[in-house]
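I set out below what I looked up in this structure, entry by entry. Each term is given its cut-offs where I first use it.

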Number of protein chains: 6
Amino acid sequence: MSLSVAELWSAMTTEAQQYGGNEPVLASFYHASILNHPDFPAALSFQIAGKLGCDSVPAMLVRDVFHEAMAADPGIVRAAADDICAHFDRDPACDHYGMPFLYFKGFQAVQGYRIAHWLWQQGRISMALFLQNRIATAFDVDIHPAATLGSGIMIDHATGLVIGETAVVGNNVSMLHSVTLGGCGSRRGLRHPRIGDGVLISAGAKVLGGINVGEGAKIAAGSVVLCDVGPFTTVAGVPAKQVGRETNELPALNMDQNIDEA
Amino acid sequence: MSLSVAELWSAMTTEAQQYGGNEPVLASFYHASILNHPDFPAALSFQIAGKLGCDSVPAMLVRDVFHEAMAADPGIVRAAADDICAHFDRDPACDHYGMPFLYFKGFQAVQGYRIAHWLWQQGRISMALFLQNRIATAFDVDIHPAATLGSGIMIDHATGLVIGETAVVGNNVSMLHSVTLGGCGSRRGLRHPRIGDGVLISAGAKVLGGINVGEGAKIAAGSVVLCDVGPFTTVAGVPAKQVGRETNELPALNMDQNIDEA
Amino acid sequence: MSLSVAELWSAMTTEAQQYGGNEPVLASFYHASILNHPDFPAALSFQIAGKLGCDSVPAMLVRDVFHEAMAADPGIVRAAADDICAHFDRDPACDHYGMPFLYFKGFQAVQGYRIAHWLWQQGRISMALFLQNRIATAFDVDIHPAATLGSGIMIDHATGLVIGETAVVGNNVSMLHSVTLGGCGSRRGLRHPRIGDGVLISAGAKVLGGINVGEGAKIAAGSVVLCDVGPFTTVAGVPAKQVGRETNELPALNMDQNIDEA
Amino acid sequence: MSLSVAELWSAMTTEAQQYGGNEPVLASFYHASILNHPDFPAALSFQIAGKLGCDSVPAMLVRDVFHEAMAADPGIVRAAADDICAHFDRDPACDHYGMPFLYFKGFQAVQGYRIAHWLWQQGRISMALFLQNRIATAFDVDIHPAATLGSGIMIDHATGLVIGETAVVGNNVSMLHSVTLGGCGSRRGLRHPRIGDGVLISAGAKVLGGINVGEGAKIAAGSVVLCDVGPFTTVAGVPAKQVGRETNELPALNMDQNIDEA
Amino acid sequence: MSLSVAELWSAMTTEAQQYGGNEPVLASFYHASILNHPDFPAALSFQIAGKLGCDSVPAMLVRDVFHEAMAADPGIVRAAADDICAHFDRDPACDHYGMPFLYFKGFQAVQGYRIAHWLWQQGRISMALFLQNRIATAFDVDIHPAATLGSGIMIDHATGLVIGETAVVGNNVSMLHSVTLGGCGSRRGLRHPRIGDGVLISAGAKVLGGINVGEGAKIAAGSVVLCDVGPFTTVAGVPAKQVGRETNELPALNMDQNIDEA
Amino acid sequence: MSLSVAELWSAMTTEAQQYGGNEPVLASFYHASILNHPDFPAALSFQIAGKLGCDSVPAMLVRDVFHEAMAADPGIVRAAADDICAHFDRDPACDHYGMPFLYFKGFQAVQGYRIAHWLWQQGRISMALFLQNRIATAFDVDIHPAATLGSGIMIDHATGLVIGETAVVGNNVSMLHSVTLGGCGSRRGLRHPRIGDGVLISAGAKVLGGINVGEGAKIAAGSVVLCDVGPFTTVAGVPAKQVGRETNELPALNMDQNIDEA
């Protein structure tokens with residue numbers, strides 16, 4: 001269930017007062033990260049820029065780029081809020097909204113990607129590539145800035161995730177660590193998968209080539225997917241084969257990584 | 001074969017004199033990390049806190065938390081010593097005790113986890129989550145502070161390892177990089193595996209859901225385990241099926257990743 | 001197609017002028033990384049030492065070690081140039097030579113390994129192990145300094161790659177992230193694979209034990225390889241079985257991760 | 001001659017293009033410090049916050065405090081512009097406006113003080129004291145946040161300057177390094193000097209106690225001033241005595257440190 | 001009026017709760033610096049080591065040296081407490097005990113000196129010289145580790161203070177910034193001044209050579225003292241001459257920098 | 001007595017072995033700073049660049065500028081060796097050659113200045129100004145890159161030293177902290193002093209305007225010099241007057257700060 005940005009921000013500030021109050025070592029961390037800011041976008045740019053800044057491009061300058069991008073495309077902030085709600089709703093270990101915001105490498109990497117993607121769209125290729133490298137270094141997540149991601153994205157644990165240049169990911173998709181949306185071949189052009197809404201891609205699955213994964217599909221952990229996957233279908237194995245058919249709900253939302261062998 | 005903490009410390013200081021003496025670039029590194037300390041706990045807190053400190057919580061303060069935890073629970077130091085011996089005994093590339101202590105991300109991540117776990121048990125939830133994030137950032141290892149790990153744990157190479165909130169890991173378990181002890185579903189409650197003593201989980205294996213993996217079992221590399229595994233049993237495949245039965249010794253100790261197909 | 005070191009350097013400086021000119025935020029980054037140097041080796045040592053320096057061993061000192069190694073073994077520079085060309089030729093997302101040099105963790109990790117390997121050969125064991133740890137920390141790539149790698153190596157995305165102590169990798173090999181060339185058993189001695197020229201090892205594949213993978217073989221994504229693989233053969237699955245036979249070209253060069261099931 | 005903020009900003013951006021263009025090592029430094037910003041206040045907060053940030057209070061957070069203060073009191077930006085013009089007009093070694101902005105510790109310290117002073121006025125005493133310490137550490141200039149300074153202030157070289165709690169400094173004052181506006185006695189209350197407009201206080205002079213230094217006065221280098229100084233009067237010596245009388249212009253503007261002994 | 005260490009610590013923790021509570025940006029700074037510690041020595045070593053640590057000798061290691069010195073010589077802690085009280089009693093701008101502890105470079109430099117002095121006494125010459133350099137870099141205060149300082153020392157503002165190798169400073173002495181206790185000549189042996197108890201040395205005064213400054217003497221700002229100064233005597237000028245005679249109290253305590261010309 | 005560069009280097013390496021051997025905390029510091037280098041220039045560039053590097057211009061790049069300057073002007077290295085010998089010969093607290101090299105801010109600042117001066121001569125104005133700022137920040141010493149300094153320069157303690165744009169300093173000059181060679185007036189052109197060979201300028205003295213200070217002159221501590229000073233003459237006071245006449249030796253060499261009132 002997605003909150004408005006204002007509702008989310010209100011919940012995050014309430015939480016931060018509680019968590020910072022309980023742990024004086026972190027009181028200023030909660031203050032600087034959340035309470036000190038007038039609104040969610042200001043806190044978001046502070047938090048992610050603080051992770052992506054480096055000697056060559058300091059955090060303050062990265063933050064200015066965030067502000068520039070968020071002003072030009074309000075969808076960036078909206079998507080970030082949806083991503084937080086996605087973690088909160090789907091990850092039972094996530095019991096407050098501040099957790100993905102403050103601690104989850106997957107959430108943070110995706111927000112960095114959104115800015116790199118905006119830069120790529122503006123033709124600022126080298127700055128986009130620079131950010132991609134910073135994200136890969138800081139979060140161990142490698143998303144090409146030309147890839148297209150929807151909102152409500154959850155990337156759990158995140159280490160080792162790779163999303164290639166021509167990949168397209170729909171809304172409300174859940175992916176776990178070590179997932180690859182990879183390319184096939186050394187020719188340019190469309191060569192990465194297109195992932196439908198509500199898809200769940202379990203830990204370590206590799207989806208390779210310019211294939212389609214239909215809405216509501218589920219890809220089992222460790223699978224290697226080389227062919228199209230139909231909507232609301234479960235595939236598993238190396239190479240992956242159809243093993244079941246989902247019915248009632250989107251697998252990205254219930255996060256059931258089991259394989260219901262048909 | 002596990003040494004007493006004093007025996008281990010004696011061996012480590014002897015080694016450090018030799019290695020530091022051979023390489024003057026690193027003489028002070030060996031001194032600061034090992035020789036400068038009166039005993040093993042002091043060196044351990046120095047070494048791990050130095051990796052986990054950051055701007056918000058400097059290393060000296062992390063070290064004070066280590067001292068607090070180690071004073072309250074002497075098992076933390078004992079387990080660290082067992083972990084070092086586990087690497088020394090099982091990893092043929094590890095020919096001196098200082099190697100895991102100084103260089104191995106898996107060993108260092110587990111020691112950070114032990115402190116985060118103690119914080120979690122004290123109800124210092126936000127400090128435990130903060131440390132979990134620092135461990136995931138510094139070592140690329142994501143262990144939930146609520147998980148329970150035994151001693152004599154070896155996590156080789158370690159990058160990408162994930163252990164979830166309700167997982168339980170016995171003693172003398174060996175895991176390699178990219179292993180996942182993951183959850184199933186979006187409901188709270190017991191949803192991660194319970195791993196018995198002496199189990200070997202090979203590289204990239206995913207063990208998912210609230211299942212039991214019996215004592216002395218072996219899980220082959222790249223396997224995806226979704227059902228219980230009996231004691232002294234080898235499983236392999238996606239999804240994993242039984243492929244053999246161990247007899248004489250614990251697979252965690254001999255580290256044979258082969259599959260003896262029955 | 002591999003360029004001479006001088007040709008490569010000429011191309012890289014031309015590119016850097018263009019990219020730095022387009023993005024003033026990065027102008028000095030391109031200058032400091034490339035344009036400021038008289039030749040390719042000076043730039044290479046600057047770039048990689050800057051990533052591997054730390055408090056205990058500052059970047060300037062790491063750079064001196066690079067210069068010492070490159071003076072003693074000119075093959076190190078030649079191999080680095082071949083590695084850049086490998087990325088440029090095989091990775092369609094890599095459209096200029098500066099990309100691996102500046103941004104790709106796989107390229108950077110391999111160049112760090114080449115220095116650690118030289119140190120190991122000189123008997124400077126602790127310095128080699130120290131660098132191995134720095135590489136694993138900075139790039140999430142764990143290559144034992146005693147392993148032997150050829151030239152023209154491409155490691156795409158790279159996170160989680162592991163290459164063990166007694167592994168041997170030929171020339172013009174392509175590997176993707178999460179690939180493991182791992183050992184079997186806890187006894188010392190030859191226990192890691194030998195990979196022939198032109199082999200492609202797809203994402204997440206685990207090749208385990210002292211086996212041979214023949215020239216021009218292809219190992220499918222997510223496979224677990226426990227037995228020898230013949231030349232120009234494709235294997236897939238957990239455990240991996242032969243699924244096809246290559247004919248015309250080296251799979252490492254065309255990067256086709258598909259499985260042509262025979 | 002003081003420029004408007006817009007005129008100053010226009011001159012600074014023109015200079016930065018020239019200086020950055022001549023020296024590629026610094027091209028991005030000029031860009032990040034000046035050209036990347038939409039206006040003078042944005043550049044000012046970036047520049048000074050970048051010097052004052054530290055582990056406990058990162059630069060981005062200091063910058064937010066600058067923005068808060070500059071929004072509440074527009075005089076802060078106006079005074080900063082006047083200070084730059086003061087350096088440009090009075091210091092013959094300063095031949096472009098960017099020099100004090102980028103390089104002069106005296107200018108930078110005063111801008112930090114202006115924010116600390118605003119915090120003090122808001123009752124944020126501990127934050128003001130924290131900033132005072134950061135300024136003293138970064139620039140070797142110790143100005144109490146409760147002191148009052150006018151605009152058009154030049155502090156040349158600056159190392160060792162001290163201005164006490166109850167000091168008042170008028171407009172267009174020039175001071176050199178090691179100048180002290182110090183207190184007398186251990187009782188609270190007014191105990192530091194009041195300096196009139198256009199005063200020149202030469203290097204190393206100490207002005208002590210709750211005395212008045214009249215408009216247009218000149219205090220010779222190394223003097224110790226313990227009594228009131230009349231307007232347009234030159235004093236010198238230890239303790240200082242009247243040695244001359246100025247006539248035509250303000251000594252702060254011509255920077256003539258000579259003593260025209262009467 | 002000097003408090004016991006326990007009384008001082010109690011006052012400091014009460015203050016820290018108040019100041020940290022008023023300013024959430026600094027709440028964790030007050031916690032980490034003061035409230036997190038069990039007693040005054042633990043906080044002192046944390047605070048000063050945090051300033052003196054560097055790449056070559058990290059803060060945690062400096063702190064261990066502090067603990068070693070404070071255990072061997074309890075007078076170090078007692079003197080630190082007296083120094084804090086000296087600032088509180090004599091500096092009207094210092095209205096709580098935490099100010100010198102957290103913010104005053106003079107106090108912090110003297111505590112660093114006390115450790116360097118202890119190292120010098122143990123014959124650890126190079127470590128003492130290393131610390132002297134770190135103190136000079138961090139605080140702009142250059143005290144030779146062989147010099148001898150009493151307790152109840154206040155060094156106000158502190159920038160530029162120099163105390164030479166054979167200087168001896170009594171108890172309850174107050175010095176201001178830019179004071180020099182310097183040597184004469186290029187021969188080794190006693191060549192710096194001996195300063196009696198309760199002396200006040202005002203800003204910028206230079207006291208040079210192996211002379212005696214008697215108890216309760218006052219040296220005016222900017223003076224250059226080349227001959228012995230009698231007890232309870234005021235000297236001023238370049239070179240300094242006697243200008244007055246104190247009667248009732250120690251000038252170091254009332255901080256009256258005026259010259260009562262006799 | 002000045003050593004050849006080779007003799008000096010030989011002495012420094014012998015010392016470093018002794019000092020590093022006595023203090024294992026600093027063994028690698030002595031190795032990295034001295035023993036690891038093939039010759040004196042390599043060590044010098046490592047040591048000073050390590051102090052002057054910053055985020056915008058990292059130490060490795062500063063070091064390359066040092067190498068460029070030292071290759072173009074061998075006098076830079078020769079002068080550095082003379083400066084070390086000057087400290088060793090004249091400062092009784094300096095009993096080994098490594099002390100100024102490793103620890104003395106005055107020596108280090110002058111070596112930084114020599115590179116900035118070379119850049120200024122090449123017309124690289126903004127790089128020279130950038131370095132001047134870095135030197136002023138790191139060492140609290142402000143030497144304009146256009147000033148001209150001889151060799152055999154000793155700047156003792158150094159904090160607060162200022163040398164202006166058109167100043168000229170001869171050979172074998174000794175200056176103490178807080179000395180100013182300052183300008184007069186706001187017009188461009190020659191406006192700073194010219195200091196002859198062998199001059200001693202004591203602590204805190206201010207020499208102002210385009211005046212001449214003759215060979216072998218001595219300027220007493222705290223003096224303010226506004227007129228020419230004859231050769232082998234001692235001046236003192238505010239303003240300075242002649243107080244004595246030297247005969248046998250250069251005051252810079254015997255460092256006698258006393259005033260032999262004539």
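**Entry 1: Strand pairing**

I looked up strand E9 (residues 200–201) of chain F and found that it pairs in the parallel sense with strand E12 (residues 218–219) of chain F, over two bridges. Within this pair, Ile201(F) has Ile219(F) in E12(F) as its bridge partner. I take helices (H or I, at least four residues) and strands (E, at least two) as DSSP runs numbered from the N terminus. I count two strands as paired if DSSP finds at least two bridges between them.

I note that the model is predicted: local features need pLDDT of at least 70 and side-chain atom pairs count only at pLDDT 80 or more, while totals for chains, interfaces and linings use all residues. Residues are numbered from 1 along each chain as its sequence is written, and chains are lettered from A and ligands numbered from 1 in the order in which they are written.

I then placed the pair in its sheet, an open one of six strands in chain F with the order E3-E6-E9-E12-E14-E15 and mixed pairing. Strand E3 (154–156) and strand E15 (241–245) of chain F are at the edges with a single partner strand each, so one side of each has no neighbour in the sheet.

In chain B I examined strand E14 (residues 233–236) and strand E15 (residues 241–245), which pair in the antiparallel sense over four bridges. Thr233(B) has Arg245(B) as its bridge partner in E15(B). E14(B) and E15(B) form a hairpin with four residues between them, and Gly237(B) in the turn has a positive phi of about 105°.

**Entry 2: Nonpolar core**

Of its 618 residues, Ile219(A), Ile219(B), Ile219(C), Ile219(D), Ile219(E) and Ile219(F) touch the most other members. Leaving aside neighbours within four places in sequence, the contacts of Ile219(B) include Leu200(B), Ile201(B), Val207(B) and Val235(B). A contact requires C-beta atoms, placed from the backbone, within 7 Å.

**Entry 3: Gly209(C)**

I located Gly209(C) in the loop between strand E10 (206–208) and strand E11 (212–213) of chain C. Is Gly209(C) buried or exposed? Gly209(C) counts as buried because it has 21 C-beta neighbours inside 10 Å. The scale is: buried at 20 or more other C-beta atoms within 10 Å, exposed at 12 or fewer, partly exposed in between. Beyond four places in sequence, Gly209(C) is in contact with Asn258(B), Cys184(C), Arg191(C), Pro193(C) and Leu226(C).

**Entry 4: Domains of chain A**

I noted domain 1 (1–140) and domain 2 (147–262) in chain A; the bounds come from an automatic or database domain assignment. Their C-alpha centres lie 25 Å apart. In the contact between them, 16 residues of domain 1 meet 15 residues of domain 2. On the domain 1 side, helix H5 (75–90) and helix H7 (105–121) of chain A each supply at least two residues, and H5(A) gives the largest share, seven residues.

**Entry 5: Chains A and C**

I superposed chain A on chain C: the RMSD is 0.0 Å, with a turn of 120° and a shift of 0.0 Å along the axis. That is the relation of a three-fold axis. The contact takes 36 residues from chain A and 34 residues from chain C. On the chain A side, H8(A) gives the largest share, six residues.

Definitions and conventions. Two residues are in contact if their C-beta atoms, placed from the backbone, lie within 7 Å. Copies are superposed by least squares on the C-alpha atoms of residues with pLDDT of at least 70 in both. A nonpolar core is a set of buried Ala, Val, Leu, Ile, Met, Phe, Trp, Tyr and Cys residues joined through C-beta atoms within 7 Å.
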